[in-house]
Amino acid sequence: MPGYGAGYPAGGAYGPAAYANNDDKTWALVAHFGGAAGVIIGGGLLGWVAPLIALMTRGQQSPTVRAHAVAALNFQITWAVAGVLSWVLTFVTCGVLFFVPMLVWLVPLIFGIIGGVKANDGVLYRYPMSYSFTK
């Protein structure tokens, strides 16, 4: 009887081993690294923009890009919501918990970079702490 997680690679990664063409790889990287860049540019709240662009631009033509974009989009939306809630918490406590938005800002940045590195290797990264908004 196979053990827990049998059939899945270690490290929380799963999916295709290679891309059909370079455009697929480029758009997968846009979804992951663009999400991390959106976190930096948007103060932790705009990480969902690049994965959404990748999904809308190339997601209908390539199932691989769609899988990468959906994974990144779900993760970034989850953490954008957490970012908004952290700012509300900071304002409600009159700034006592000023460090919470910074911590919430770091999570999607770090995991977006990890997802991009995995996508560069041809692996679909399974983001932790993510809610499925889109399928």
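Trainee: Buried or exposed: which is Asp 24, and what is its relative accessible area?

Mentor: Asp 24 is buried, at 3% relative accessible area (buried is under 20%, exposed over 50%, with a 1.4 Å probe and protein chains only). Bear in mind that this is a predicted model, with local features needing pLDDT of at least 70 and side-chain atom pairs 80 or more, while totals for chains, interfaces and linings use all residues. Numbering runs from 1 along each chain, and side-chain values use heavy atoms, without hydrogens or water.

Asp 24 lies in helix α1 (a DSSP run of H or I, at least four residues).

Now for the partner. Asp 24 makes a salt bridge with Arg 58, with their closest N and O atoms 3.1 Å apart (Lys or Arg side-chain nitrogen within 4 Å of an Asp or Glu carboxyl oxygen). Because Arg 58 sits in helix α2, the pair ties together parts 34 residues apart in sequence.

What about the rest of α1? A kink of about 30° is centred on Gly 34 (the angle between axes fitted to the seven residues ending there and the seven starting there). Still, the ends of α1 (residues 22-41) have C-alpha atoms 26 Å apart, which agrees with the 28 Å its 20 residues should span (1.5 Å times one less than the residue count). Just after α1, Gly 43 takes a positive phi of about 65°.

Conventions:
Helix = DSSP H or I, 4+ residues; strand = E, 2+ residues; numbered from the N terminus.
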